[in-house]
Amino acid sequence: MTISYTLKVANSRFGGFSKLLFHWKGSIYKLLYKEFVVFMALYAVLSLVYRRLLTEEQKRLYTKVAQYCNRSTDLIPMSFVLGFYVTLIVNRWWAQYTSIPLPDQLMCVISSNVHGKDERGRILRRTLIRYANLSAVLILRSVSTRVLKRFPTMDHVVEAGFMTQDEHKKFESLHSDFNKYWIPCVWFTNLAAQARRDGRIRDDVALRLLMDELNLYRAKCSMLFHYDWISIPLVYTQVVTIAVYSFFAFCLIGRQFLEPLEPGQEGHLDMYVPLSTLLQFFYAGWLKVAEQIINPFGEDDDDFETNKLIDRNLQVSLLSVDDMYQNLPPAVKDKYWNESTAQPPYTMATASETLKPSFLGSTFDMCVCEDAEQSQMVEASPSVPCIQTPLLSRFFAAASPAISIKNFSRGSRAHSHVWRPQTDGSFPSPYPKCSEDPELVAHIEEEETEDEASRASEPTTPGSHPGRTRLPEASETQRKELLLIQVKAPSSESIGADRREAWEP
């Protein structure tokens with residue numbers, strides 16, 4: 001029987017887990033006490049032999065051997081080996097439980113899609129769900145010792161009502177070298193197809209839904225069979241077992257009380273009972289836990305109660321497809337029919353929960369920034385790639401991509417968050433300390449004059465739109481200044497100071 005202590009740990013309190021230490025059934029003491037008694041008996045025998053029977057020369061030799069064994073215990077990574085192994089076993093244990101076939105979904109589909117209040121309809125529904133339960137019983141007989149003891153032969157299955165005599169004869173007439181748990185599932189599919197032809201199943205969509213649920217049910221039966229067939233590699237279990245037993249074999253010798261080798265040398269405290277070694281003995285308990293749950297279909301205290309599951313599945317499935325078919329309570333207005341917000345009542349024991357506000361999100365109670373400028377809405381400007389922030393620009397001397405001639409080329413708009421226009425419509429220079437080169441300015445003006453003349457001489461093409469308004473261009477003074485900046489860059493110190501002035505709002 002599974003040991004359940006969930007209610008005892010429902011609330012955290014002082015000594016909550018400590019009270020669980022006094023339970024015997026399903027406890028580590030019940031698993032480990034035999035190995036513990038053997039270990040203590042061997043330890044006591046070696047201790048008596050060392051103290052009473054060995055000569056001084058033999059004690060010196062035993063001391064060297066014991067010291068070697070004590071050092072050897074540090075070479076065995078017990079936590080590493082056992083940790084991986086037990087984790088694998090626990091994951092496999094839970095996966096096997098979730099693979100146990102339960103008919104809950106299948107019985108709901110049968111009850112809602114196989115119609116007929118007459119005797120034929122009732123027989124169809126009960127037979128379909130009985131076939132599903134029969135498949136589960138057959139696979140559980142193959143993997144669980146408890147179920148096999150309950151149904152040792154197929155005659156016991158027939159006597160229990162999972163199979164009729166005719167079905168038993170048909171089952172035995174089908175010869176196969178493999179497990180035949182899947183035969184009731186095939187019977188299920190054929191009977192469902194017959195119900196579709198007879199009109200008991202109204203459409204193909206309902207039949208498809210029924211087949212899908214059956215396939216999920218059969219897949220769990222198959223997975224349970226494969227878990228029983230494919231075990232954890234034997235070599236892994238052997239490695240872990242040898243590591244644990246070797247560790248405690250070394251502890252038997254290495255953890256004994258030893259007299260000092262030299263006459264004047266100070267010896268260790270003789271406690272007679274190795275308390276630290278006894279605490280390490282729970283490594284063996286870790287191994288016993290893995291031994292107990294590696295196959296949860298046995299008869300240990302914490303193994304699965306498969307017989308109870310069989311009883312429960314048969315009872316609730318037959319109840320759902322027979323007594324509950326089209327047996328509905330009257331549909332009436334609920335208690336909160338005229339209320340916009342339903343609020344179920346609380347008892348005095350739970351009334352304090354109503355004082356707690358509902359959780360609306362982790363940022364709901366976050367303090368909103370009081371700075372009005374930081375809360376002001378601004379328009380996004382994706383055309384201007386601003387990689388460096390104003391704060392970072394104080395630490396980097398390289399030119400920011402936001403301050404580039406590309407951002408002020410023809411056809412692009414000025415970025416309102418980087419440059420503020422002056423009263424005359426021009427933009428301020430980001431580096432006012434730079435002096436202009438007269439020859440370079442004259443060369444720029446000459447190029448601008450040639451470009452304007454070439455644009456004026458170009459004819460208007462049919463695909464163009466002469467009447468469309470052009471985007472405002474940056475002023476010539478601005479472009480000249482930026483060209484001068486790229487040609488004659490000031491020192492890094494002046495760039496940092498001027499950039500701070502340019503970025504200030």
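A cavity is a set of points, on a 1 Å grid over the protein atoms alone, where a 1.4 Å probe fits but cannot get out, and its lining residues have an atom within 4 Å of a point. Grid points are joined across faces, edges and corners, and a volume is the space filled by probe spheres set on the points.

The model is predicted: local features need pLDDT of at least 70, side-chain atom pairs count only at pLDDT 80 or more, and totals for chains, interfaces and linings use all residues. Residues are numbered from 1 along each chain as its sequence is written, and side-chain values use heavy atoms, with hydrogens and water left out.

**View 1. The largest cavity.** The protein has two cavities of 30 Å³ or more. The largest holds about 50 Å³ of space. Its lining includes I100, P101, L309 and N313. Helix α5 (119-143) and helix α14 (306-323) each give at least two lining residues; the largest share, four residues, is from α5. Helices are DSSP runs (H or I, at least four residues) numbered from the N terminus.

**View 2. Confidence along the chain.** pLDDT is the predictor's confidence in each residue, from 0 to 100. The protein averages 81, and 75% of the residues score at least 70.

View 3. Residues 397-419 have a pLDDT below 50, and the stretch makes 56 contacts beyond near neighbours in sequence. A contact means heavy atoms within 4.5 Å.

Methods. On a 1 Å grid over the protein atoms alone, a cavity is a set of points where a 1.4 Å probe fits but cannot get out, and a pocket is an open set with protein on both sides within 12 Å along at least five of seven lines; lining residues have an atom within 4 Å of a point.
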